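Take a look at it first, and then we'll walk through its parts together.

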Amino acid sequence: MEDRLARRHFITTADWKVEELEQLFQTAADFKERFKRGELTPVLQNLTLFMLFFEQSTRTRNSFEAGMTQLGGHAHDLTPDKMQISHGETPYDTGAVLSRYGHAIGIRNCFWKLGNRYIRDVARGASVPVFNLQCDWYHPCQAAADLMTVRERFGAEELRGRKFVVSWAYAPSYQKPLSVPQSLILLMPRFGMDVVLAHPPEFSLRPELLQQAQGLAKAAGTRFEIVHDMDAAFEGAHVVYPKSWGCMLHTEDLEESAAVAARYKSWICDDSRMALAASECAYMHCLPADRGHEVTDAVIDGSQSIVFDEAENRLHVQKALMALTMTGDKRGEY
Ligand code: CP
């Protein structure tokens, strides 16, 4: 394993160089092959991952826990009520203490204006790698699994010039974080794709991250543009990723945000929209999807959908993340 990645945090993919992310994808592909062959890969034998979830999770929780088992280690499934966090223990202290017991800390905290700061504060106190399992700003493990899936679909060397559409879609279930679209626009342009972000005007993403995405696209020789028309975005697309997120930058009032979202119920991914895209277009969603609102059953269950490949690749890319960051020459110092 590459020692340069030992003990590295993974809070946003933008903190990692393209060649470091390449190492992640190559390692993930290797783990995937070995998993399919039924080969055991106990490279983290007896090591511990602490997983701290402030919110619910199906994919992240189970893919990290299963992944850690497959690597020969153990993952603790923690929630704030099981810890002194509920009595006000600081994130710095939690990071310092868990670092004395184990080998990495993963955190999901999507609380608006708090989650990313919490994870960064744990990382300040930690002497082991800290993984962002989703915050109010980023979901790097999801974006990495998504890119792995796109590379498998089109070929890692065949992405330049592909049109990747990140579109808002209507969902009544809850005010979903901005983290998935923000992580997608930061990652995909660095790997050759032209990214189009589509949303109604009230559903803007964080301005500093839009600027960062623009800069990353420019540096990579790709394009990043924003439109407010779902149909226009879908025209000729090679990948569409329509999902809901909240209008937190427009209003923090939940009732008002639900009313704003309800104006855009027509923002659904259906067969007529898929027909606007390229014939080989892939439909993606991080899941859980609001079926019948964000997407029709016909599309998400159809032949262009690769949602379960994305979900599966969470396992492989996170095993690679853990193996690369929790091992190395410095392992003996843990
Ligand atoms: N996509 C994703 O992160 O799913 P969970 O919320 O179930 O972890």
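A word on terms before we start: two residues are in contact here when heavy atoms of theirs lie within 4.5 Å. Keep in mind, too, that this is a predicted model.

Let's begin with the overall layout. The protein splits into domain 1 (13-138 + 312-325) and domain 2 (142-307). Where the two domains meet, 25 residues of domain 1 are in contact with 28 residues of domain 2.

Now for the ligand. Where does the ligand lie relative to domain 1 and domain 2? Both domains give residues to the shell around the ligand, so it lies between them. The space it takes up is the largest pocket.

Who sits around the ligand? The surrounding residues are Ser57, Thr58, Arg59, Thr60, Arg108, His139, Gln142, Cys286, Leu287 and Arg314. Sorted by class, that shell has five polar, three charged and two nonpolar residues.

| Residue | Protein atom | Ligand atom | Distance |
|---|---|---|---|
| Ser57 | polar side-chain atom | oxygen | 2.6 Å |
| Thr58 | polar backbone atom | oxygen | 2.6 Å |
| Leu287 | polar backbone atom | nitrogen | 2.9 Å |

So how much of the ligand's surface does the protein bury? On its own, the ligand exposes 260 Å², and the protein buries 93% of that.

Conventions. Residues numbered from 1 in each chain as written. Predicted model: local features only at pLDDT ≥ 70, side-chain atom pairs only at ≥ 80, totals over all residues. Heavy atoms only, no water. Near = heavy atom within 4 Å. Polar contact = N/O pair within 3.5 Å; in protein donor to acceptor, adjacent residues only side chain to side chain. Areas by Shrake-Rupley, 256 points an atom, 1.4 Å probe, with all protein chains shown as cover. 1 Å grid on protein atoms, 1.4 Å probe; cavity = no way out; pocket = protein on both sides within 12 Å on 5 of 7 lines; lining within 4 Å. Sits in = over half its atoms within 2 Å of the grid points. Nonpolar A, V, L, I, M, F, W, Y, C, P; charged D, E, K, R; others polar. Domains from an automatic or database assignment.
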